[in-house]
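Subject: Structure for your files

Hello,

Here is the structure I said I would pass on. My notes on it follow below.

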Amino acid sequence: MRPGTGEIGLLGLAPSVRVRTFAALALTLVAPFFPGSSKAETWDRIGSYAALIRRAGTHTLVAKDCPSALLGAFHAPRNALLLCANNIEDDPRQVWVVLAHESAHVMQHCHGGPLLADHQVGNALARIEAQSRTTFQELRLYHQSQRRDEIEARLVQGMPPDEVEALFRSFCAERLSDRKVAQPPAAL
């Protein structure tokens, strides 16, 4: 075992760093084993997760006039998450996948950078390819500067809802303490 990679190395880290390290490891180790379990079954679950995202200071918006290929987006400068109602079926399972994906970008914003360590990205990409050749091919369409963020978002969208929420609470913990629900900006 290399120094710093085992239990002893992680125990020497501050508790918040340990939680984030374990959460990041979960992205690559757990997500691929639950390809069908990422879907929330109820609108209540989606609503409560969206409320948590708002509590962290991120505006959540729903649009009915998005370009045809856009399902959702996160705009970091305005800290706003968008869901495209005109392109998503009225199905909580599909809405959850888009919300989970975009919330990964919110987590990246909270964290101030990538969720995975550099050495984990190749393994994550290999797992995505093993899960879905189509998803793997889609990642190649992104510019190199966006690819890593999208790899992480696709891993998050494939995780069970409880794990997505736990990751969000971990990466956005500082923003969740004593915050009120954010109101959407006047105009985007």
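**Helix 5 against helix 7**

In the contact between these two helices, D118, V121, A124, L125 and I128 of helix 5 meet R148, I151, R154 and L155 of helix 7. By class, the residues of this contact divide into 6 nonpolar, no polar and 3 charged. Please keep in mind throughout that this is a predicted model.

A pair of packed helices is described by the angle between the axes and the distance between them. Here helix 5 (residues 118-131) and helix 7 (residues 144-157) pack at about 60 degrees, and their axes are 10 Å apart. Helix 5 is therefore oblique to helix 7. The crossing of helix 5 and helix 7 is left-handed.

Helix 7 also holds E152. Is E152 buried or exposed? E152 counts as buried because its relative accessibility is 0%, the cut-off for buried being under 20%. Leaving aside residues up to four places away in sequence, E152 touches A104, Q108, P114, L115 and L116.

**The protein as a whole**

There are 9 helices and 3 strands in the protein. Read from the N terminus, the order of elements is α-α-α-β-β-β-α-α-α-α-α-α. The protein has 188 residues, of which 41% count as buried. Among contacts with a separation of 6 or more, 66% are between residues 24 or more positions apart.

The 3 strands make an open sheet in the order 1-3-2, with mixed pairing. Strand 1 (59-63) and strand 2 are the edge strands, each pairing on one side only. From one strand to the next, the twist averages 20 degrees.

Strands of a sheet pair through backbone hydrogen bonds, and the pairing is either parallel or antiparallel. For strand 2 and strand 3 the sense is antiparallel, over 4 bridges. F74 has L81 of strand 3 as its bridge partner, and G72 stands opposite L83 in strand 3.

In a regular strand, side chains alternate between the two faces of the sheet. Strand 2 has G72 and F74 on a covered face, with A73 and H75 on an uncovered one. Helix 4 (residues 92-111) lies across strand 2 and strand 3, and runs at about 160 degrees to strand 3.

**The turn between strand 2 and strand 3**

Strand 2 and strand 3 form a hairpin with 4 residues between them. Two residues of this loop are worth a look when you open the file.

The loop between strand 2 (72-75) and strand 3 (80-84) contains N79. N79 is not a glycine, yet its phi is positive, at about 50 degrees. Is N79 buried or exposed? With a relative accessible area of 13%, N79 is buried, since buried means under 20%.

R78 is found in the loop between strand 2 and strand 3 as well. R78 counts as partly exposed because its relative accessibility is 41%, and that class lies between the cut-offs of 20% and 50%. How far apart in space are R78 and T58, which are 20 residues apart in sequence? From C-alpha to C-alpha, R78 and T58 are 8.4 Å apart.

Regards

Methods:
Residues numbered from 1 in each chain as written. Predicted model: local features only at pLDDT ≥ 70, side-chain atom pairs only at ≥ 80, totals over all residues. Heavy atoms only, no water. Buried < 20%, exposed > 50% of the residue type's maximum accessible area, 1.4 Å probe, protein only. Axes fitted to C-alpha atoms, helices over the stretch in contact; angles between N-to-C directions. Parallel < 35°, antiparallel > 145°, perpendicular 65-115°, else oblique. Left-handed = near helix turned anticlockwise from the far one by under 90°. Contact = heavy atoms within 4.5 Å. Nonpolar A, V, L, I, M, F, W, Y, C, P; charged D, E, K, R; others polar. Pairing = 2+ DSSP bridges.
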